[in-house]
Amino acid sequence: MENESVWLGSMRGPVKMAMIGFCAITGLIYLWLILGQFIFDDAIGMHEMIRPAGRPIVSVMLYSMLGALVAAGVYLSDSIGAIEQRPDGVFDTLSLVTSRIAMILTAVTVLVMFYEVVSRYVFSRPTLWANELSLWIAAFVFLFAGQYAMQQRSHIRIYVIYDMMPRWMQKAADVISLLLLLGFTFSLVWGGYADAKTRLLRMETFGTAWDPPIPGIVKPAILLIIVLVAIQAVSNLIADWNKLPEHHGHDDIDETEIENIRRTLEN
Amino acid sequence: MEFLELFAWMKVSDVATLSIVLLLGMFALLAIGMPLGFASAFLAVAVLVMKFGPELLYGNFGKGPLSVLGQAVYRQMTNYVLISVPLFIFMASLLERSGIARDMYSSLNRWLSGVRGGIAIVTSVMAVIMAAMSGIIGGEVVLLGLIALPQMLRLGYNQNLAIGTICASGSLGTMIPPSIVLIFYGLVTETSIKALFTASFLPGFMLASFFILYIIIRTNLNPSMAPLPEVDPSEPQGREKFLRFVGFVSRFTLWITGALLIRAVFFTITGDNKVVEGVDPIALGMVSDIPYIIGAGVVAAVLIQFVVGRERTAEGWEMGKGLIAPTIVIGVVLGSIYMGITGITEAAGMGVVAVFTIGLIRREMTFDIVWDSLMRTLKSTGTIIWVTIGAAALAAAYTLAGGPTYVANMIVASELPTMGVILVMMVIFLIMGMFMDWVGIVLLIMPVFLPIVLKLPVEEIGFLGGLEPKHVAIWFGVVFCMNMQVSFLSPPFGPAAFYLKSVAPPQISLTAIFRGFLPFIALQLLALSVLLIYPPIVTMFL
């Protein structure tokens, strides 16, 4: 991962330090909480973790987790993979950061599920929180994945006619697509704003034993992130405006991937 | 809001006009190259405008029928089963980067190299095993193309046979559980995914066996299509080889029974497997199972000791080692689902853990590989998720406008013969499959087609043998999946051809690849017609 900096430049070092710092704080508090399970009677478990009121250590834990996640996302977005387009502008960078966060969260989901299966199946002590936690995390993974797919221009499209058009018609088609997408975003926000707002202000919960505020957080997040996607779409159109028409073969073919597989097979 | 009254003409009173505008709009937007997800999302808005009129929708900020859009998206975002999609993709991309496939190929090849058409058969068998591990095509065709194609061409196999075998078998991933197509079908139609997996097992194997039979028959009728490799004198032949295979299987059985025994004993000690009424027994983990497990182990031990002999067993173990890792992965994923340990989503998570662990043991996993796999996962997830969001919004809006009921009533009232309606649907699937990705078809077409199928008289479905009413949705899902098998191969955009083209030697043209597909497409259509003529083949294990 020691390749050139994409956008952080000289900030790379400090961000890395911040990431390590936040991870260290999170890890230490985590160890302390685990230890607490054996020492204290009123130990802080997953139930208390999402109810920080009156528990300063939980607040610190939550903020340091958030800090670790954001710092890691920023740090990791500073180097791009072979399959990725170079970011071009503020919103591209933002999409890259959120994509890194989503990638970390995907791995976290796997770990949460593994923990749940082991504790349910081997120790017969199913958790109350694992399913809901993965649901909560996955909602963000999906939304960020959509934003990332937009930045990477990897959408399911039918290029048969598009590729035959002259460049000015392609531009016109792109503008129409963009306007219609903005129309959808506008209508979505128009129709969903009041609902999302009340749920956010109430921090509406899921109505289960662990009772995380999934509707209260995910509903507003949907509106926010889809607006970000729409902005990303505008930014894409501006960035691609003067580019030459590309020929689209099958978009899934990915030379780097094939090269990687080839190397694996030759080992 | 006088401004909005200017647009009052947008309101359309009857569903028929609305449906036609929707259909034409979809064609127009897709033609200008608008991403499928956004086109459907916008059309969802358009449908609502036509149904309720702009005044009702935009008269009041923050309220009104437009809120169904947000609701539909929220429902998809918090759908537990949908989480299995990124996890299966993650698992498949980790699998691609491990050497598991290569080792499996060399093991299978050593067992079957003496058979006429051996490498083609190995390719098919390997494709089935890989299909049972993950269920994402693309990577599978690329892997098989890189491993098996050069070898078949070097041995002088018929080029068309080689190409067809690789792509047709490589597409089996969607037919054999776990299959991502069936997951989406289950999500859209609210059918039990586990039942869909069970139901697709037999048709999937039937199709695979069609391929293998075709290879055997063709190559035996015309041996020049598949020349045999030169015999390696150091390799055991004939009966000796078979004995080594028995040795391998016995030794593997011994390991499995050992593990199961430890598990059953563990449960007995912890008291988890007490027979409690109303609680499902733990599969192969009850006290009453222990004698059977021990029995199987003893049989295996006797085979090793007295029939095969220890030396041959050790050789067989060396030859077959490559099959162990895939078996474990399949055992973890399908075993979790079918032994009632976890649901689909957690099984996918366990699959990731299993592949990762095996990769660690094989010393292949690095941070870069995991990170790269995560990147690919996120990209594919994002691509699929937009179609899901858009289609969910459109389906919600169209249902609110009464569309699916209207179409279903129209079809049922027209008194077409039942199988005629189904055949027309098959033709529509096949044609759409030529141009569109399966995700789009399942998400956009299924909400309209399945209600029609469910309204058709159930006793008229199929020619031999009937279906129970509760199994119709499952049957139709498997039939749909079989249609999508064809769509992977059908010209002009069959994805399998493009995957293979990207790894094939340059002198093999796209036309040549599609020509190689023809007999295999015929086999797929044959399998499809079996499902239509004899529906009970789907519900046999339900």
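This is a walk through a two-chain model, from chain A to the interface and on into chain B.

The model is predicted, so local features are taken only at pLDDT of at least 70 and side-chain atom pairs only at pLDDT 80 or more, while totals for chains, interfaces and linings use all residues. Residues are numbered from 1 along each chain as its sequence is written, chains are lettered from A in the order in which they are written, and side-chain values use heavy atoms, with hydrogens and water left out.

Let's start with chain A. It has eight helices and zero strands, where helices are DSSP runs of H or I with at least four residues, strands are E runs of at least two, and both are numbered from the N terminus. Its C-alpha atoms fill a box of roughly 75 × 55 × 40 Å along the principal axes. Of the 267 residues in chain A, 50% are buried (under 20% relative accessible area with a 1.4 Å probe, protein chains only; exposed is over 50%, and partly exposed lies in between). Take the contacts in chain A with a separation of 6 or more: residues 24 or more positions apart account for 70% of them, a contact being heavy atoms within 4.5 Å.

Q232(A) counts as buried because its relative accessibility is 1%. Its side chain makes a polar contact of 2.5 Å with that of S95(A); such a contact is a pair of N or O atoms within 3.5 Å, where within protein one must be able to donate a hydrogen and the other to accept it, and residues adjacent in sequence count only if both atoms are side-chain atoms. Beyond neighbours within four places in sequence, Q232(A) touches F91(A), D92(A), S95(A), M150(A) and Q151(A).

Now for the charges. Side chains of opposite charge can pair when their charged atoms come close. Over all chains there are 19 salt bridges, each a side-chain nitrogen of Lys or Arg within 4 Å of a carboxyl oxygen of Asp or Glu. R12(A) and D78(A) form one of them, at 3.5 Å from N to O. This pair links helix α1 (residues 12-39) to the loop between α3 (56-76) and α4 (90-121), 66 residues apart, and both partners are buried. D240(A) pairs with R153(A) at 3.0 Å. D240(A) lies in helix α7 and R153(A) in the loop between α5 (130-151) and α6 (167-202), so the bridge ties together parts 87 residues apart in sequence. R153(A) is partly exposed, at 23% relative accessible area.

On to the interface, where 82 residues of chain B contact 83 residues of chain A. The buried area is about 7600 Å², with 75% from carbon and sulfur atoms; that is the accessible area (1.4 Å probe) that two parts lose on being put together, summed over both. One salt bridge crosses the interface: R120(A) with E346(B), their closest N and O atoms 3.3 Å apart. On the chain B side, helix α17 (residues 367-400) gives the largest share, 15 residues.

Stay with that helix in chain B for a moment. D372(B) and R376(B) form a salt bridge at 3.1 Å. The two are four residues apart in helix α17, so about one helical turn separates them. Both D372(B) and R376(B) are buried.
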